[in-house]
Amino acid sequence: MEGFWGKGKNDQDTGVSADFQRALMQEVMKTELLRIKALIGTMILLFAIIWTVYFLAPEKVNQLWHGNLKPHYLYSVIVPFILFELWVHGSITRHMRQGRDLPLIRRYLGVLIETSMPTVALALHINMMGSAAALGFVVPMTYFIFIILSTLRLDFWLSTFTGFVAAAELLAMAIFYHPDPNQEVSVLYHAGRSLILLVGGVLAGAVGHQLRRQFEASIKAATARDRITNLFGQHVSPQVVERLMAEGTRTDSDIRRVAVMFVDFRSFTAGARTRTPQEVVDRLDGAFAVLVEILDRHGGIVNKFLGDGFLALFGAPLHAPDPAHRAVAAAREMLEANSRINEETSWPLRIGIGIHIGEVVAGSIGSPRRKEYTVIGDTVNFASRLEALNKDFNSQFLISEAVREALGEACGDAVSLGEVEVRGYERPMAVWQLG
């Protein structure tokens, strides 16, 4: 029952974010607006039914109400109730626009006022029909309308309070208007009916509480997905998103050993000049779809799209054993896939890949309003320089000495290009060609 008392221990331990609390508050207030609309609609429907019966069978109505049913009795109950609910609807709407929740005392006061509406109607019926007939007629059953719809408050104690108010007021009316206080059985009869109302309120509260928990779970999942999408971009696959959510991956800055891959399509800009914008986008999207799917299968993620290329990571933000092996395996498969695509298209593309492995600073970087997960360091810079060297060597796949050493015997087909002058580095660096 701990969750019924508001914020439980689990909520505090998980550190529910302010965004989550705001989203939950908005959803709860939306269901409250739905409850108010349902109440108003129900009251209007009952009003219409009573008037229809009144006009179609006036003699039966006069017989039932002993000729005492007057139109202003109906208006005196229905109209103030609808006006009150419209005022509450407007108040909730204003609070939603301002991003504020309704004060708790106002919620309980609202329950007391609206649940007292059947009591007022019951008092009028007793005056018109007599206590025995009125207490046994349909008006006491209307309490259940308020109890059932109280589940949309998504609050156990508000629903329980609704049932308590209904039970207490019905019992009070039965005792106050009892024709013969000496008939104890009749009082017990009404006490039993009141107990059912109270139990109904508790059950409605339990249902509302369960609905609230499901709301919380859905909003937490959506909030986590939105946060991951904002950090890593929409190109992160659903499988990676689920792993990030399940593993609770840290996004604060830390040092990681990562395999960094840069991919670029050679002479893409020149080919794009002779084609329409839509043809350019379609060709690039088709190529990226295949390459990114390969990355996903090998445990890599695209960190950034860079025009006609992208930066991919193996080992961050998700831990990946043997990141160098995974990166090279993915690159080999990407080259094969690109060759197959070129055979089937009128616009063949030559791909360039550069891979380096080393330590990077990985984490969320940006402004308070917009952050992005990225990697920074010499490892990233050198991987970019390696990919650019493909143009000089007319190659498609270059790796660093660090990658070759990490692969060991798995890169027996690597061809040494010797010590190469790399822009931005004072001394020549060993470069190897694969593929």
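**Helix α9 and beyond**

Mentor: D155 caps the N-terminal end of α9, with a side-chain oxygen 2.9 Å from the backbone nitrogen of W157. That is a polar contact (a pair of N or O atoms within 3.5 Å; within protein, one must be able to donate a hydrogen and the other to accept it, and residues adjacent in sequence count only if both atoms are side-chain atoms). This is a predicted model: local features need pLDDT of at least 70, side-chain atom pairs count only at pLDDT 80 or more, and totals for chains, interfaces and linings use all residues. Residues are numbered from 1 along each chain as its sequence is written, and side-chain values use heavy atoms, leaving out hydrogens and water.

Trainee: What span should the 21 residues of helix α9 have?
Mentor: Helix α9 covers residues 156-176 and should span 30 Å at 1.5 Å a residue; its end C-alpha atoms are 30 Å apart, which agrees. The expected span is 1.5 Å times one less than the number of residues. Helices (H or I, at least four residues) and strands (E, at least two) are DSSP runs, numbered from the N terminus.

Trainee: Is T160 buried or exposed?
Mentor: T160, in helix α9, is buried, with a relative accessible area of 13%. Buried means under 20% relative accessible area, exposed over 50%, and partly exposed in between (1.4 Å probe, protein chains only). A polar atom of the T160 side chain lies 2.9 Å from the backbone oxygen of F156.

Trainee: And which residues is T160 in contact with, leaving aside neighbours within four places in sequence?
Mentor: L198, G201 and V202, where contact means heavy atoms within 4.5 Å.

Trainee: Switching topic, where is V258 found?
Mentor: V258 is in strand β1 (residues 254-266), and at 0% relative accessibility it counts as buried. Beyond its neighbours within four places in sequence, its contacts include L313, F314, H356 and T379.

Trainee: Where does T379 lie, then?
Mentor: In helix α15 (residues 378-393). T379 is buried too, at 6% relative accessible area, and a polar atom of its side chain lies 2.9 Å from the backbone oxygen of E359.

Trainee: Which residues touch the most other members of the largest nonpolar core?
Mentor: Of its 41 residues, M261, F265, L295, F310, I353, I355 and F397 do. A nonpolar core is a set of buried Ala, Val, Leu, Ile, Met, Phe, Trp, Tyr and Cys residues joined through side-chain atoms within 4.5 Å. A second, separate core of 40 residues includes I36, I126, Y143 and L197.
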